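Notebook open, model on screen. Today I just want to look up how the pieces sit together and jot it down.

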Amino acid sequence: MASRSYTNFSDLATGDLLDIVPTPFALPRVMKVPGIISDLDGNGSLDGDSDATSSSCRERKIIVANMLPLHAKRDMETEKWSFCLDKDSILLQLKDGFSSETEMLYVGSLKVEIDASEQEEVAQKLLEEFNCVPTFLPRDLQKKFYLEFCKQQLWPLFHYMLPMCPDHGERFDRLLWQAYVSANKIFADKVMEIISPDDDYVWVHDYHLMILPTFLRKRFHRVKLGFFLHSPFPSSEIYRTLPVRDDILRGLLNCDLIGFHTFDYARHFLSCCSRMLGLDYESKRGYIGLEYFGRTVYIKILPVGVHMGRLESVLNLPATSTKVKEIQEQFKGKKVILGVDDMDIFKGISLKLLAVEQLLWQDPQLRGKIVLVQIVNPARGSGKDVQEAKRETYLTAKRINEAYGAAGYEPVVLVDRPVPRYEKSAYYAVAECCIVNAVRDGMNLVPYKYIVCRQGTPGMEEALGVKKDTPRTSMLVVSEFIGCSPSLSGAIRVNPWDIDAVADALSSAINMSTSEKQLRHEKHYKYVSTHDVAYWARSFTQDLERACQDHYKKRCWGFGLGLGFRVLSLSPSFRRLLTDHGVSSYRRTNRRAIFLDYDGTVVPEASISKMPGPDVLSVLNTLCNDPKNTVFIISGRGEKIIK
């Protein structure tokens, strides 16, 4: 049956669903795999999804994210663009969770601006060589969408930071929200160009694209759609302050499967759905599901992992071995504590430095024997909060080095520059302890990478100068407010705001026995190596397939306007109530029971006056005057008020 949108249920009940002109069968504008065109026309499908191909002979996954997993560079001589894959991108790495027969298509933006005159050529090149479909957002729209709305409004809110005053975050701006909607629509349009809705699975990533599912669901009612949130999801008390809270929730609920890193994030989302949309959830055979207009929206809880092969390949590079020897020589006789963080107000870098300062103050014997190497990744945002965090970090480091440093010794070493992968791996391999002290973080894979690098490879053993059978050790101090914390049961968990507790944790990590460090390391490595990025991707897509298996067993109707659109899904036995049939049955019967709800039927819910109008009273009197009718008014208000 063809699909049609309705703004309310009365239209659904009375609309003539059958008198719809069939949508012509059309090919998508971009085809990667030759296929067989179905002979079915619009009437051969159960909804309006049949106007795009359903023919691909290979399984296909469409991965949608803000940025494509590509590096771009312009040749200064030829002025031509050259591209290469970003091997460290999780979007690229997750393909290891699928069979070799699976075709991957990526939709997203480039990290560079492409002139309008070059966009068509670049788009064709990226599609042919990398299976990438770029979304060329205009510069002004990109700025408002990403740098201003995503990074200055959504990102702080999802990390529990409210704009209580102008100096403490950006207030909600309706124009920036409109830019967010426009950008999501552009991404959705690109997906619509390439999708075969009956066969393809679409996997959308992160908070940049939370309303994209609404656009896709409106176009293809049975689209197989999953979403994974890589950031925290705040508690309902924080989230409810967002003026567009309902639009975003409904956008996510237009997916079939929604993934979160931790149970807490999922619980907060379910609480928001309950308190703001009145939806309840239940556990079905071990799966959490939300009933949403006849559809079951499933919730997935699984933290992402790392790519073992990528990390081990970097460890085996000659440059990594050389760097390891340099670091060992530089910090000879000292224990290295490592921190790797973005320059971000939520990463807790300054709190980490204060804990090191406290440790050196309370234990003078450690002066000259430990050093904190803090690698500072480039900031992803450009707000004044980033500049304030950077200023505080440098001032604190300077104070510590002046107070506890000596000739040839600085207790805090800041590495504030782009650090190549091999150099980070070298620091991971050398460090006795790694500390992640974020005050709020969606996942944070630094501890996982540290564990893999401490396990090492044969080549790394030689560089470190250790014997083959030497037990591997590692020690982690992690904030209890990051997504990876629950999976690291052998780590020392801390409240990053408690400076004394973090200092004590660092002291315990440094002074712990080798046998205890070995046991903790083995436990962590076993988990990290078995729950890698491939396991995460495979598990998510298996659940997505399970969530979509009943798509064509139900009848679907779309209703609602704009971002309030949703799909009503009913069993195949459902039949709409025809007006003529209702009138005929009414006239034939001799005894009729009529049940009317008071609020919302007899009296509008939004009305200040709770008394029915004269037109309604006239209809009620007409019904009651017929001796064949018994009219029931249903209300929780009480008999006196109703009378």
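Started with helix 5, residues 174–194, in what is a predicted model. I found helix 5 lying across strand 2 (60–67), strand 5 (103–109), strand 6 and strand 7 (201–205). Against strand 5, helix 5 runs at about 155°.

Next I checked helix 6, residues 212–219, which also packs on the sheet. Helix 6 touches strand 2, strand 7, strand 8 (224–228) and strand 12. Its direction makes about 175° with that of strand 8.

I get an open sheet of nine strands, pairing mixed, in the order 6-5-2-7-8-9-12-11-10. Strand 6 (132–134) and strand 10 (281–284) each have a single partner strand, so one side of each goes without a neighbour in the sheet. On average, neighbouring strands here are turned by 25° against each other, ignoring direction.

I zoomed in on one pair. Strand 11 (residues 287–292) and strand 12 (residues 295–301) pair antiparallel, over five bridges. In this pair, I288 stands opposite I299 of strand 12.

Is K300 buried or exposed? Its relative accessibility is 10%, and buried means under 20%, so I put K300 down as buried.

What does the K300 side chain pair with? I noted a polar contact of 2.9 Å between the side chains of K300 and D543. Leaving out residues up to four places away in sequence, K300 touches L257, I258, G259, F260, S539, F540 and D543.

Definitions and conventions:
Residues numbered from 1 in each chain as written. Predicted model: local features only at pLDDT ≥ 70, side-chain atom pairs only at ≥ 80, totals over all residues. Heavy atoms only, no water. Pairing = 2+ DSSP bridges. Helix = DSSP H or I, 4+ residues; strand = E, 2+ residues; numbered from the N terminus. Axes fitted to C-alpha atoms, helices over the stretch in contact; angles between N-to-C directions. Contact = heavy atoms within 4.5 Å. Buried < 20%, exposed > 50% of the residue type's maximum accessible area, 1.4 Å probe, protein only. Polar contact = N/O pair within 3.5 Å; in protein donor to acceptor, adjacent residues only side chain to side chain.
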